[in-house]
Amino acid sequence: MRGVDAFADLLAANAEHASGFALGHLAAPPRRHVAVVTCMDARIDPLSILGLEAGDAHVLRNAGARVTDDVLRSLVKSVNQLEVTRIAVMHHTDCGAAKIVRADLRAKVAEATGNDPADVEFHLIEEEPDALLADVAAVQACPYLPAGTEVIGLLYDVTTGVATPHVTTTVGAA
Ligand SMILES: [Zn+2]
């Protein structure tokens, strides 16, 4: 399948979605004043894991739930412009970002594309909860988030559905 046909299932589902759509009244600022940073892993449904619905939260996702400069850029907007007062960073067990060996990934990219991604920072995870703590620390230390913004680091177990808190802090805390 090529072109739009490669997405036919998604577009058919969207037609169904739109036919019963009743969320047009939602405002942009997240109702529950929370932003969730989590992994792109297909097993993670951040809204259902944390009891959230459309309109409740900002959800920022990337490989490994890493707090990169781009994630911080979005959080700065969430907190300063869109009424977010609490940030949850949620890593998870069995994460691909932790299992992938850097050299393997580089070789696969080079083989598939003919281009060596030597200059790409993949932000791979060496060890948990160290990586989670480092990402929470990166949020806490961000100079463009107001002091007092609440931050939590969660590790989600993909086999049990349990999200366990590993650290809580506030932006600007010593
Ligand atoms: Zn992951």
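**Reading a predicted model, feature by feature**

Author: His 33 is partly exposed, at a relative accessible area of 30%. The model we are reading is predicted.

Reader: Where do His 33 and Glu 83 lie?

Author: His 33 is in the loop between α1 (8-19) and β1. Glu 83 is in the loop between α3 and β3.

Reader: Which peptide bond is cis?

Author: The bond from Glu 128 to Pro 129 is cis, with omega near 5°. Pro 129 sits in the loop between α5 (102-113) and α6 (130-140).

Reader: Now the sheet. In what order do the five strands stand?

Author: Again the general idea comes before the case. Strands of a sheet pair through backbone hydrogen bonds, either parallel or antiparallel. In this model an open sheet has the order β2-β1-β3-β4-β5, and its pairing is mixed. β2 and β5 are at the edges with a single partner strand each, so one side of each has no neighbour in the sheet. On average, neighbouring strands are turned by 20° against each other, direction ignored.

Reader: How many bridges join β4 to β5?

Author: Seven bridges join β4 (residues 150-156) to β5 (residues 163-170), and the two strands run antiparallel. Opposite positions can be read off along the pair: Ile 152 stands opposite Thr 168, and Gly 153 stands opposite Val 167. The hairpin has six residues between these strands, and Gly 161 in this hairpin takes a positive phi near 85°.

Reader: Which strands does α3 lie across, and which does α6 touch?

Author: α3 lies across β1, β2 and β3, at about 175° to β2. α6 packs on the sheet and touches β3, β4 and β5, with its direction at about 160° to that of β3.

Reader: Which residues coordinate the zinc ion?

Author: Cys 39 (SG), His 92 (NE2) and Cys 95 (SG) coordinate the zinc ion, at 2.0 to 2.2 Å. Their spacing in sequence is C-x52-H-x2-C. Cys 39 in β1 (residues 34-39) and His 92 in β3 (residues 86-92) are 53 residues apart, and the pair links distant parts of the chain.

Reader: Are Cys 39 and His 92 buried or exposed?

Author: Cys 39 is buried because its relative accessible area is 4%. His 92 is at 2%, so His 92 counts as buried as well.

Reader: Where is Val 67 placed, and which residues does Val 67 touch?

Author: Val 67 is in the loop between β2 (57-62) and α3 (69-81). Its relative accessibility is 11%, so Val 67 counts as buried. Leaving out residues up to four places away in sequence, Val 67 touches Leu 72, Val 89, Asp 135, Ala 138 and Val 139. From Val 67 to Ile 100 there are 33 residues in sequence and 18 Å in space, C-alpha to C-alpha.

Terms used:
Residues are numbered from 1 along each chain as its sequence is written. This is a predicted model: local features need pLDDT of at least 70, side-chain atom pairs count only at pLDDT 80 or more; totals for chains, interfaces and linings use all residues. Side-chain values use heavy atoms; hydrogens and water are left out. Two strands pair if DSSP finds at least two bridges between them. Helices (H or I, at least four residues) and strands (E, at least two) are DSSP runs, numbered from the N terminus. Buried means under 20% relative accessible area, exposed over 50%, partly exposed in between (1.4 Å probe, protein chains only). Contact means heavy atoms within 4.5 Å. Donors are N, O and S atoms within 2.8 Å of the metal (3.2 Å for Na, K and Ca); water is not among the atoms, so sites may look incomplete. Axes are lines fitted to C-alpha atoms, for helices over the stretch in contact, and angles run from 0 to 180 degrees between N-to-C directions.
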